[in-house]
Amino acid sequence: CRLIHLIMSNYIINPFTTPSFDMNTFLEDVYKGIMLGDVLVDLESDAIQRILDKIALDNKYTDEYKMWAQIQEIGLETRRIGLGFFGLADCIAKMNLSYSESISFIESLMKHKMSVELQAEVDLAILKGTFKGYDKEWYIKSNNFFEIIATEFPSDYERMKQYGYRNISWSTVAPTGSLAILYNVSGGIEPVFKPFYKRRVKCV
C-alpha cells in the first residue's frame, strides 16, 4: 500500500489564540494526495519492471522473477493507496478543544475528507479508467461499504455508480510512529496522554 500522510496541525490558523481550521487548503491537499497516490502506483510498477528486466538476463533467478511479476500484477490490478494523517492530537490542542469537544469537529473533518477522496477517485476513473479488477455489480451493489457511502454521500455515490473509481482503496490512518517522531507531532489518531514523555533509545 502506498501511504501518504497529511500533518493536521499545519492547517490551524492562529493556533491557541483565535484558532480556525483552514478547510479549503486541507481539502485541496486531500484531492492532490489522492492524485499523487495514483501516480505512485505507476511509478512503483516502473521500478518493478526494471527489476524484472534485470532478473530476466539471468535464468537462474526464475523464482524471484515470478515473485516480482506477481507483485507488479497485483499492484496494478488493485491499485491500493492510502491517504491518512498525523498530528491530529496537536491539531485539537491548537484548536483549544477538549477531548470530548473534539469528537464532532473530527467527525465533520473526516466526512469532508471522505467526500473529496470520492470525488478524486471518480475523476481519476473518468480520466484513466478503473482498476483492472473492478466489478461494478459487486463493488457498487453488493459491498456493505458502499451502502454507507450511498447513505452518507449520495451525490458522490451516484457518480461512482456511473463511472466507477480508480483505486480499490484510498483512505487509511496508519500509526505513523516513526514519522511523528521525525516531524515532532502526535502520531495517527492517538490523543496526547500526558504533557511530557521520556523516550529511551537503545544504542548498539
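## Helix packing and pockets: worked exercises

In α4, S115, L118, Q119, E121, V122, D123, A125 and I126 meet D156, R159, M160 and Y163 of α7, where contact means heavy atoms within 4.5 Å. By class, this contact of α4 with α7 has six nonpolar, two polar and four charged residues; Ala, Val, Leu, Ile, Met, Phe, Trp, Tyr, Cys and Pro count as nonpolar, Asp, Glu, Lys and Arg as charged, and the others, Gly among them, as polar.

The model is predicted, with local features needing pLDDT of at least 70 and side-chain atom pairs counting only at pLDDT 80 or more, whereas totals for chains, interfaces and linings use all residues. Residues are numbered from 1 along each chain as its sequence is written, and side-chain values use heavy atoms, with hydrogens and water left out.

**Exercise 1.** Determine how the axes of α4 and α7 are oriented.

*Solution.* The axes of helix α4 (residues 99-128) and helix α7 (residues 154-163) come within 10 Å and cross at roughly 20°. α4 is therefore roughly parallel to α7, a description that applies to angles under 35 degrees, while those over 145 count as roughly antiparallel, 65 to 115 as roughly perpendicular and the rest as oblique.

**Exercise 2.** Describe the packing of α1 and α2.

*Solution.* Begin with the axes: helix α1 (residues 23-55) and helix α2 (residues 62-78) come within 10 Å and cross at roughly 160°. The two helices are therefore roughly antiparallel to each other. Turn next to the residues, where V41, D42, S45, I48, Q49, I51, L52 and I55 in α1 meet E64, Y65, W68, A69, I71, Q72, G75 and L76 in α2. By class, the contact of α1 with α2 has ten nonpolar, four polar and two charged residues.

**Exercise 3.** Characterise the lining of the second largest pocket.

*Solution.* This pocket (an open set of points on a 1 Å grid over the protein atoms alone, where a 1.4 Å probe fits, with protein on both sides within 12 Å along at least five of seven lines; lining residues have an atom within 4 Å of a point) has a volume of about 320 Å³. Of the 16 residues that line the second largest pocket, I92, Y99, S102, I106 and P191 lie nearest its centre. α3 (88-94) and α4 each supply at least two residues of this lining, and α4 gives the most, with five residues. By class, the lining has 13 nonpolar, two polar and one charged residues.

Key: Axes are lines fitted to C-alpha atoms, for helices over the stretch in contact, and angles run from 0 to 180 degrees between N-to-C directions. Helices (H or I, at least four residues) and strands (E, at least two) are DSSP runs, numbered from the N terminus. Grid points are joined across faces, edges and corners, and a volume is the space filled by probe spheres set on the points.
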